[in-house]
Amino acid sequence: MSQTSSFVDPVFLARFGLNRANAIDYFLHPLNPFRTKAKTSNEVLNMQGISIGTLCQWGTGGRPGPLSLEDGEDEYRVALTRMTGEQYELLPLVDVEGMTPQQMAALFTIRHVHRASPTQTKVLGIYYILEGVIYKSPTVRGLMKAHIARTLEGLSEACDALSVCARYDPSSGYSWKFEHNEDDEEDDNLYYAQEKKKRKRRRILDNRRPGERTIEEEEGIRASESIDGILSRLSKSDVVVKGRPRQIEGQVMRIESMT
């Protein structure tokens, strides 16, 4: 079953509501696709008239009722530990940072276990009920796959955006232009014309022959070539998912040789 599947029973919620006393009963709904087909210890207890709600109302032989909700849950856990097989446990409330008391009251966590002894259990799955809707908790593998896919998508978009914003000139190296509009072609022609004037002015000021470069400029060109190689490999790699370039607001940044 898909990890995005869910189940809700509006009839049960409208008739009984949902609280910690009947959360297990709600999860054991016959139409719930998440419940196991095997007979669970919870169903055996239900046939004996034992549930969290009845324990809170009537108590037990050693602890006559009425009991508090917390004590009723404890007695229900004790009853489950005396049995073996598949069971559903209602986990205690845990304070979650950022959640209000109202939100905590609408959240129930249920653990599916196979009990071999009072102290030995094997977790088969974890489910949670949020505002009456039952979900299956995602696995660690599923979470990792989702985070990696989201990260690759972001890297792909960044590479695609950089590839269309890069400008290269053999003498001055790379520059980056992040503003795009209808006059891009005219702006590009103006940009290259200005760069040509700068190169001519530089040759006049430092009296160097055409094509002659300093050590610092050679290092800058090699760095630019390395950046170009990295972007090229990322854009052609099968690992990167092809995405749609997005507009990035900013100013023109240039990677020039160190002078």
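Which side chain does a polar contact of 3.2 Å join to that of Ser41? The partner is Gln87, whose side chain meets the side chain of Ser41 at that distance. Before I go further, please note that what you see is a predicted model.

Let me stay with Gln87 for a moment. This residue lies in strand E2. A further polar contact, of 3.0 Å, links its side chain to that of Arg115. Is Gln87 buried or exposed? Gln87 is buried, and its relative accessible area is 0%. Setting aside neighbours within four places in sequence, the residues in contact with Gln87 are Ser41, Asn42, Leu80, Arg111, His112, Val113 and Arg115.

I turn now to the sheet. Strand E2 belongs to an open sheet of five strands, ordered E1-E5-E4-E3-E2, and the pairing is antiparallel. E1, residues 6–7, and E2 are the edge strands; each has a single partner strand, so one side of each lacks a neighbour in the sheet. Between E2 and E3 there are six bridges, again in the antiparallel sense. Among the residues of this pair, Leu90 has Ile110 in E3 as its bridge partner. Helix H5 packs on the sheet and touches both E2 and E3. The direction of H5 makes about 170° with that of E2.

This brings us to the largest nonpolar core, which has 22 residues. Which of them touch the most other members? They are Ile24, Phe27, Tyr76, Leu90, Ile110 and Ile134. Two or more core residues come from each of helices H2 (23–27), H4 (52–58) and H5 (69–81), and likewise from strands E2 (85–90), E3 (107–117) and E4 (120–130). H2 contributes the most, with four residues.

Not counting residues up to four places away in sequence, Ile134 touches Ser5, Ser6, Phe7, Tyr26, Phe27, Asn32, Phe34, Tyr128 and Ile129.

Finally, a word on confidence. The protein has an average pLDDT of 76, and 66% of the residues score at least 70. Where does pLDDT stay under 50? That is the case over residues 238–259, although the model has 48 contacts beyond four places in sequence for them. Where pLDDT is low, the predicted coordinates should not be read in detail. I would therefore ask you not to read the coordinates in detail where pLDDT is low.

Thank you for your attention.

Key
Residues numbered from 1 in each chain as written. Predicted model: local features only at pLDDT ≥ 70, side-chain atom pairs only at ≥ 80, totals over all residues. Heavy atoms only, no water. Core = buried A, V, L, I, M, F, W, Y, C linked by side-chain atoms within 4.5 Å. Buried < 20%, exposed > 50% of the residue type's maximum accessible area, 1.4 Å probe, protein only. Contact = heavy atoms within 4.5 Å. Pairing = 2+ DSSP bridges. Axes fitted to C-alpha atoms, helices over the stretch in contact; angles between N-to-C directions. pLDDT = per-residue confidence, 0-100. Polar contact = N/O pair within 3.5 Å; in protein donor to acceptor, adjacent residues only side chain to side chain.
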